[in-house]
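Please prepare a briefing on selected local features of the structure shown below.

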Amino acid sequence: MARAYGSSATLLLKRETAYGQSAAGDYIRMPFNRCTLGSEQGLIDDPVLGQGRDPLAPLQDVINDEGEIVVPMDPRYLGIWLTGLFGDPVTTDNGDGTFDHMFVSGNDALPSYTVEVGMAQVPAFFQHTGVVLGSIALDFQRSGAAAATLGVIAQGETRNNTSQGGTPSALAFTRISQFQGSITRAGNPIGNLTGGSLTYSNNLEKIETIRSDGKIDGADPTVAALTGRIDVRFADTTLIDLASGGTPVDLTFGYTVGTAKVEFAAHEVYLPKPKLAVEGPGGVQASFDFQGARNETAGRMLDVTLTNDLDGTDYA
């Protein structure tokens, strides 16, 4: 009997023309590190009395189909996930074989996707329709492989014995390492930086209407949130002074590999005043858990610029 292994699992994706309607045609085969997207249906205890002390059979509850997908940072595939998070980008031809894809926060409408998680050995292919991207989380550190954690909500899951993804296509895959990352303030590197993180969330609200199939009617974005953290060795009071005065700063988180790059530019970030604790003979470190806000000059909270050699048709 064949057994399923993650090393042989596949993740296929295609944009839907209408929410919840499975996409037809050839899908894109996406690289991924981990996927917990799956459908769950709990049980409800039967409240009926008068039938003796032994309980009656439980009732089925509503269906919840959500989870996380951890993907490697890649300057081409990342644009597909960013389109799901922010909506369609504005693409500019740089005239040198590269294109800038600009994504902005605050869009009211987000696309939905059909995602298939396949395990060919069993065989079992779990097709999730109405997949909407809720959040992205990035961790910046000195070494390691760069990855992004995506929070997703789907409408429902269907199990098939064969793949529904047609003949999957693929993009050229370029791996990004953590040492190719950077965090800057006002265009300049932050001194004594030891680590950082960034999380953007659409704060999706599930439309939980009464339906006979137990599924949701949609997942709509509400007020977006931008949070994160920067860790620095305490060498000067610049950031603490900004935090104490309530002065907003602009922070840019990015990765660069050759001519390709991705930059998350937060236009207005507020830093809390941290507590400095001396916990031993080593260096003293300060951690700032920041929050982003809408910048009136820019007209938004966050810009994401992705530069690669694709003309943008793969993201439509």
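Helix 1 is followed by Gly87, whose phi is positive, near 95 degrees. Helices (H or I, at least four residues) and strands (E, at least two) are DSSP runs, numbered from the N terminus. The model is predicted: local features need pLDDT of at least 70, side-chain atom pairs count only at pLDDT 80 or more, and totals for chains, interfaces and linings use all residues. Residues are numbered from 1 along each chain as its sequence is written, and side-chain values use heavy atoms, leaving out hydrogens and water.

**Helix 1**
- Helix 1 (residues 78-86) is largely enclosed by the rest of the structure, because nine of its nine residues are buried.
- Buried means under 20% relative accessible area, exposed over 50%, and partly exposed in between (1.4 Å probe, protein chains only).
- Among the buried residues of helix 1 are Trp81 and Phe86.

**Gly165**
- Gly165 lies in the loop between strand 11 (156-160) and strand 12 (181-185).
- Gly165 counts as buried, because its relative accessibility is 0%.
- Leaving aside residues up to four places away in sequence, Gly165 touches Leu12, Gly25, Asp26, Tyr27 and Glu116; contact means heavy atoms within 4.5 Å.
- A separation of 28 Å lies between the C-alpha atoms of Gly165 and Ser212, which are 47 residues apart along the chain.

**Asp314**
- Asp314 is found in the segment after strand 21 (302-308).
- Asp314 is partly exposed, because its relative accessible area is 30%.
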